[in-house]
Number of protein chains: 2
Amino acid sequence: MNDKKMLIGMQIGNGYGAQATSWMADNVDVRNYTNLDAHVRYAQAAERGKFQFLFLPDFLAQSQKTDHDAPLLTMDPAITMAVMARETTKIGFAATASTTFNEPYNLARTFKTLDVISGGRIGWNAVTTSDPASAANFGAQVADRDTRYERAHEVVQIVQALWGSWQEDAWVADKDRKIFADRSRIRPVNLQGRHVASRGPLEIPPSRQGQPVIFQAGGSPHSLALTGRFANAVIGATFTIEDSRRQRANVRRAAEQAGRNPDEIKFFAGIMPTIAPTKREALDRRGQFVEPGIRQRVRYLGTMLGLGLTADDLDRPLAEAELAAAQANPADPRSGTALQIAREGWSVRDILYHGIIDYHPSPIGPAEVTADHMQEWFEAGACDGFWLSPDVYEDGIDTFVDQVVPLLQQRGLFHTDYEGDTLRDHLGVDYQYGANH
Amino acid sequence: MNDKKMLIGMQIGNGYGAQATSWMADNVDVRNYTNLDAHVRYAQAAERGKFQFLFLPDFLAQSQKTDHDAPLLTMDPAITMAVMARETTKIGFAATASTTFNEPYNLARTFKTLDVISGGRIGWNAVTTSDPASAANFGAQVADRDTRYERAHEVVQIVQALWGSWQEDAWVADKDRKIFADRSRIRPVNLQGRHVASRGPLEIPPSRQGQPVIFQAGGSPHSLALTGRFANAVIGATFTIEDSRRQRANVRRAAEQAGRNPDEIKFFAGIMPTIAPTKREALDRRGQFVEPGIRQRVRYLGTMLGLGLTADDLDRPLAEAELAAAQANPADPRSGTALQIAREGWSVRDILYHGIIDYHPSPIGPAEVTADHMQEWFEAGACDGFWLSPDVYEDGIDTFVDQVVPLLQQRGLFHTDYEGDTLRDHLGVDYQYGANH
């Protein structure tokens, strides 16, 4: 047994599950998109499982891609976090918010308010926005990458400075001396960048963890520089242990290059399990979400393997000659897994039911399959933890909590209770107040 | 008895009360600024009183003016509204948000989300920002009034168009047909103004009342044009019945000039009562909030009356000669009331304890004093309702609900239960979806 435990965060989007078609599942209320009772129930289930945090993605434009997909997002992450935070006591929350189309003063205010009212349980995934449809919603065009990241550095720096502008000892709150707060310790920041500026101060006292944790996503050189400077958690996009180890090493090196302790950044690998008593049941459960778009997927599977596949091929396994000719397409990192599954002799339909075109590795089968996957990746140093995308929130969270979490705990891989009360406690990163030094 | 009933909204700011010094009251927890449990308790008390809405002011800069004042605002109105809405079922909420320093897409998203999750109980007080410290928090300078209002018109128009961009019949939610939403009925708005623009659509379905109600504040010609075009409720700043009638008439005329039914705009007059069993007790209750700044106030009272008053004069009434020489300063509309109270023979301190320098008319005394004030104003056509600023929320709301509301109900002036479920129901204004026509 290793002393170091893995961390678990869970993605929560639209109230249905990680699949755009999760809303179709029999046990899902199709109106959950607008009913935060569901989000609260899922947050409480995740907290029962001692997950470190929930992660709310965001996107500033229409996310529904076809009539049979649901939007992948909650209507407004800040509002959803506020509600979930009120109805939980321990679990943390991190949400994406764009540095490109928000002003630092507004970002600082919303996230610090959430951090204060939640008792220090909030993180901010500070991303840049390069999507043209999102830009158009702000009457803008997409700026080049250098400009977007230059602005991102300015925004995060100003936000953190605003967070620290109400000094930790400023709130006197003394009725006898008739002093509410000492204004000499609530000071302007007077920061002027090339893209954004703010004078401050921000009229919000420290939270229980000081201020929100900075999250990052993406592994480009631009993103790594931002990560190294500011982040305590990185949401990775990885499909193999080797790739994940490399990405994690890059993140840690970026922290060192910024003069920080690399252990202050936790790297998370995605996982999108489907859990059922048998492999066949798990494949069929996953398959219901694959079916609506299966005609497109079968053609794309052909591209991954260098074969010309159509819907006519769905109900047969690949022939010996096809398997001999097949090559994993290096343009898609999921191709190796697809080829490996094809070689196991599954029908083309079942290959697709393995979730091989989904955006995270997908352990499919009894709970042990998922626990084994997590153990292998974690012990190989591929990640500090996982961000989990359940197929259907309504029962998928409880199944993971009741079946996978105990296995991980028995194996000494996951904690049995929260070590503290704040998101920084949960992640094992230091208290911070104000700007990075 | 008149069939028409008055409406009551209540201002809720920092968790203490309407006075910057309300936090000092014995029964107030000084930590309420960061503890939304207090706001929830106050919202529930107001709902027990069948108030139509709570009103959350906003200001984009430091609002604490001296060390002995508290900030007058909640940390972030959108977050506070989300929490209060979850823990109430009927009462409406309206919050100020700047059209000057927010993007229409972000405003549309936050307010419509709140409207959906609250079951149609949200309003947006769409203001312009002319405060230099607020502008500096966005690295900006204050634009001229024409420019600010031109932008405001564009912002409200785009926000309303985005609200209507998910058409009312778009959410099919049919598992059998595998259709979540019909994207042909979720359409871009493609609005391009001089200051702001947005393509849309906004991926949020209608709320129970369609979309949020627009509030306005201010009576300048620029403000009236915005009110006439968009608003269903106006928060007035009035000190006399005559002035309030005039302002209300202006608002109604502005609606007519915009081609709308003037009854679709409700005009609210402020009221800042202090209620206690006797006049003396009420004066002493109010006095505790006046005392911390009384040396400044006595000098200002002198300016209001054309007399040179100092702290040495606090404990005596004005002399006959002073009263004969005193003149109400026409530069301050509160001066007439101050002079009238001075003539009643109160000491200078007690004149100030009447709240004559506060920013709303202040009935001081037993509950009947407040009920009589409201009846007189309402029956004179000075307003459609009141926005109440209790001196201390902790007991002031309950006192109003238990003592003033029953008097108003007995007199046939205030409803005895909610007529419906949405803010539009409460205000008696029409369902609206999408932009004004």
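A salt bridge is a side-chain nitrogen of Lys or Arg within 4 Å of a carboxyl oxygen of Asp or Glu. One such pair joins Asp395(A) and Arg285(A), at 2.9 Å from N to O. Welcome to a predicted model, in which local features need pLDDT of at least 70, side-chain atom pairs count only at pLDDT 80 or more, and totals for chains, interfaces and linings use all residues. Residues are numbered from 1 along each chain as its sequence is written, chains are lettered from A in the order in which they are written, and side-chain values use heavy atoms, leaving out hydrogens and water.

**Inside chain A**

- An automatic or database domain assignment divides chain A into domain 1 (7-272 + 363-427) and domain 2 (279-353).
- Contact (heavy atoms within 4.5 Å) takes 15 residues from domain 1 of chain A and 13 residues from domain 2 of chain A.
- Between these domains there are 2 salt bridges.

**Where chain B meets chain A**

- Here 74 residues of chain B are in contact with 74 residues of chain A.
- The two chains bury about 6500 Å² between them, 55% of it on carbon and sulfur atoms; buried area is the accessible area (1.4 Å probe) that two parts lose on being put together, summed over both.
- Lys175(B), Phe180(B) and Glu203(B) supply 12% of the area that chain B buries against chain A, more than any other three residues.
- The chains share 6 salt bridges, and Glu87(A) pairs with Arg86(B) in a salt bridge at 3.1 Å, N to O.
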